[in-house]
Amino acid sequence: RGALLGVAVDLGTTTVVVRLVDLESGEVRQVQSFENPQRFGGSDVMSRIQYDTDHPGRLLQRVLLGYLAHAIEAFDCDPDSIFEILVVGNSTMRDLFFGLGVESIGQRPYRSETEHAFRRGERAGMAMTTTARKLRLPANPAARVTSLPLISGHVGADTVACLLAIGLADESRMVALMDIGTNTEFALGNREQLYVASCPAGPAFEGGIISCGMPGLEGAIEAVSLEPQDGSVSYRVIGGGEAEGICGSGIVDLLSELLRSGRMNALGRMTDESDRFVIDPERNLFLTEEDISQLAQAKAANVAGGQIVLQQSGIAPRRLEQFYLAGGFARHLDLEAARRIGLIPSFPLEKMTRVGNAAIEGATIALLSASRRARVERLVNRAVHVELETDETFFDHFVEGCQFKPVEIMPVQPEEEEVRTQ
């Protein structure tokens, strides 16, 4: 009797998104998001792994579950009508949520406890299932909490959700997916083959560790331009109020404008010999050369990841027919600006598609369709995980990627153009 509801959750390192879904009609009834409360344990996954290892008591799990419980209770529904909660996130976020130890994810070969058990033959897969009662989440007494599987290493259930959202399990074309975030995931393939990698970008392009950086919330500068006549700064603020900081899309715009106007060179140095660029003197908003250095390193990790996946797959770049950009940050990205500074490769714009928060879209699909969930799980079981840290060319790609210039996809040698099959 009554409603039959489910909840889809994307556990981002920076932001958590929660959807209330009607399981009968497929309608998304309500959406909530909040900043991941685990940030006191660090802004990136390695910091949180260290924190969880050093502080017994599962504090990171408990604080996250507490915030999620409040979010679910705030939905306009009877919690007893919620019968399933489906969770996705990177390997660390997902395992912290389920109360698993994460120390092994932070040590070579960077695998979760579930992946180690799966490889030993002790588990049939890397998905997780428990009950809402065990996690003390407000839901029907019979409600279960499930997750999509991890792929390998830091490539987690959120990447599986993204692949589900773009329909890769049914895709015959060769496509690439770049999910830009604190940990950027890169995937390349189709329904026959799949190569994946995790790029340790860090939180710089999400406003973290930047002097005046902030998440893409009300008060954040989201777009910037420099007037060609007098070089004055104009910007747009989320919510239309006074600027309090600058978020990722605004940072990309600013770097692109500094580069275009010649105020910054390709090495990230100010050409007027100052150590910062002032965005708004009245509100003391600025970008320093140290900030730019952090952004260069974050960008370089993404560049190296994409180049090495292409190199190891042996797939010729000319075979790529579609390039998907995922993540809340990518949704607001000016693609021309992102290409100018080399954050994304110089692919034709007509081949690029922004798919927003594909992780929550995929989580919603998985919540509603067991058959589609099964198809994508079969695909990721065949995935080849490209371990960037063991590739001897990583440092060369990283150094090259630190420069603010367009990134041309590495040409694949003729003898490598045939796709290698496993």
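The buried residues of helix 12 are covered by elements that include strand 4 (82-89), strand 6 (144-147), helix 6 (157-165), strand 9 and helix 11 (358-368), where contact means heavy atoms within 4.5 Å, and where helices (H or I, at least four residues) and strands (E, at least two) are DSSP runs numbered from the N terminus. The model is a predicted one, in which local features need pLDDT of at least 70 and side-chain atom pairs count only at pLDDT 80 or more, whereas totals for chains, interfaces and linings use all residues. Residues are numbered from 1 along each chain as its sequence is written, and side-chain values use heavy atoms, with hydrogens and water left out.

Within helix 12 (residues 370-380), the buried positions are Arg373, Val376, Leu379 and Val380; they cover an arc of only 125° around the axis and therefore lie on the same side of helix 12. The arc is that of the directions from the helix axis to the C-beta atoms, and buried means under 20% relative accessible area, exposed over 50% and partly exposed in between (1.4 Å probe, protein chains only).

Strand 7 (residues 174-179) pairs with strand 8 (residues 184-189) in the antiparallel sense over five bridges, and Leu177 stands opposite Ala187 in strand 8.

Rings of Phe, Tyr and Trp (its six-membered ring) pair if their centres lie within 6.5 Å, planes under 30 degrees apart counting as stacked, over 60 as edge-to-face and the rest as tilted. By this rule, six aromatic pairs are counted. The pair of Phe40 and Tyr51 is edge-to-face, because the ring centres are 5.4 Å apart and the planes stand at 80°. Since Phe40 lies in the loop between strand 3 (28-35) and helix 1 (45-54), and Tyr51 in helix 1, the pair ties together parts that are eleven residues apart in sequence. Phe40 is partly exposed, with a relative accessible area of 43%, whereas Tyr51, at 17% relative accessibility, counts as buried. Elsewhere, ring pairs link Phe186, Phe323 and Phe347 into a cluster.

Definitions and conventions:
Pairing = 2+ DSSP bridges.
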